[in-house]
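Consider how charged side chains pair across a chain, and then what lines a pocket. The structure below is the one to follow.

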Amino acid sequence: MPAQTNPPPLVDSDPFAFSFVRMAPRPSRPRESGLTIVADRGMGLARATDLIDAAGDHIDFFKFGMGTYRLMRPDFIRRKIALLKEAGIAVFFAGDITEAAFMQGVSRQFYAEVKAFGADAVEVSSAQVAMSLDDKCRLIGMAREAGLKVVAEAGQKGAEDWTKSGAYIARQIEAYQKAGAWKVLVQADGISEDVESNRWDVILNIAARFDIKDLIFQAKDGAAQKWYVGTFGNAVNLDVDDHQVIELELARRGIRGRHIFGLVGSLENN
């Protein structure tokens, strides 16, 4: 008779179905790396509830994006944030309204209001408004004084030119980190969006100089997400859309992705 083999024991720390099937491990939330940031384009509470039910375990931060929160009633924002916080998901506000507040001279009031809503972080960007690097660093300081973590944006929406000087990109990131930014978000425009061919050389040059755990890469394309995980491992921080959370987590776990199946590892299991 063939020898019987016992299946591997269940892993107590794995709360998901079919836990006897091994997959690449991930640290539990809250975590400082391997973050999945979901960009919100104005979803309602029912959709947010569905997202939490289906994928909440794999979301670290929920980003109120595109300035959508300027069109929401305060009570709705509070209820949405309460829903996310109850699920263990941190919240931050994208930079579009930050830039409008800067232009109107109400930045301190803006950051105080963001904090009062219960958000954990805010983005400091210059996508719509031209501002000096010094001013962006001063905004980082203001937001931190309000008790917020800061995600500072490197790059420029709608402009491919920003990728042409590695030295200036490094100068930006160094300045943001010196000013106290928690993470630096690297724009996808000019890298994997609105380009004829992906500029992975720019990302590799950034990764050669800075710890990727201190960076967030915008990746709204499935192929780009697979490139980041395949190149940097499952501890890379990615900013994605809400419908991409599960597919990204499958790639992080080594379950899905061409040339990735079973080949994503982590010292979390050692």
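In this predicted model, Lys 149 has a relative accessible area of 34%, so Lys 149 is partly exposed. Glu 32 forms a salt bridge with Lys 149, with 3.9 Å between the closest N and O atoms. Distant parts of the chain are linked by this pair: Glu 32 belongs to the segment before β1 and Lys 149 to strand β5 (residues 149-154), 117 residues apart. Glu 32 also counts as partly exposed, because its relative accessibility is 46%.

The structure holds 17 salt bridges. Another of them joins the side chains of Glu 249 and Arg 26, at 3.1 Å from N to O. Here helix α9 (residues 245-252) supplies Glu 249 and the segment before β1 supplies Arg 26, with the two 223 residues apart. Both Glu 249 and Arg 26 are buried.

Lys 220 and Asp 241 also meet through their side chains in a salt bridge, 3.8 Å from N to O. Lys 220 sits in the loop between β7 (215-218) and α8 (222-232) and Asp 241 in strand β8 (residues 238-241), so the pair ties together parts 21 residues apart in sequence. Both residues, Lys 220 and Asp 241, are buried. Through shared partners, salt bridges join Arg 41, Lys 63, Lys 220, Asp 239 and Asp 241 into one network.

The second largest pocket holds about 470 Å³ of space. It is lined by 16 residues, of which Tyr 69, Arg 70, Ile 97, Phe 110 and Glu 113 are the closest to its centre. Helices α2 (74-86), α3 (96-104) and α4 (107-116) each give two or more residues to the lining. By type, the lining residues divide into 12 nonpolar, two polar and two charged.

Key: Residues numbered from 1 in each chain as written. Predicted model: local features only at pLDDT ≥ 70, side-chain atom pairs only at ≥ 80, totals over all residues. Heavy atoms only, no water. 1 Å grid on protein atoms, 1.4 Å probe; cavity = no way out; pocket = protein on both sides within 12 Å on 5 of 7 lines; lining within 4 Å. Points joined across faces, edges and corners; volume = space filled by probe spheres on them. Helix = DSSP H or I, 4+ residues; strand = E, 2+ residues; numbered from the N terminus. Nonpolar A, V, L, I, M, F, W, Y, C, P; charged D, E, K, R; others polar. Salt bridge = Lys/Arg side-chain N within 4 Å of Asp/Glu carboxyl O. Buried < 20%, exposed > 50% of the residue type's maximum accessible area, 1.4 Å probe, protein only.
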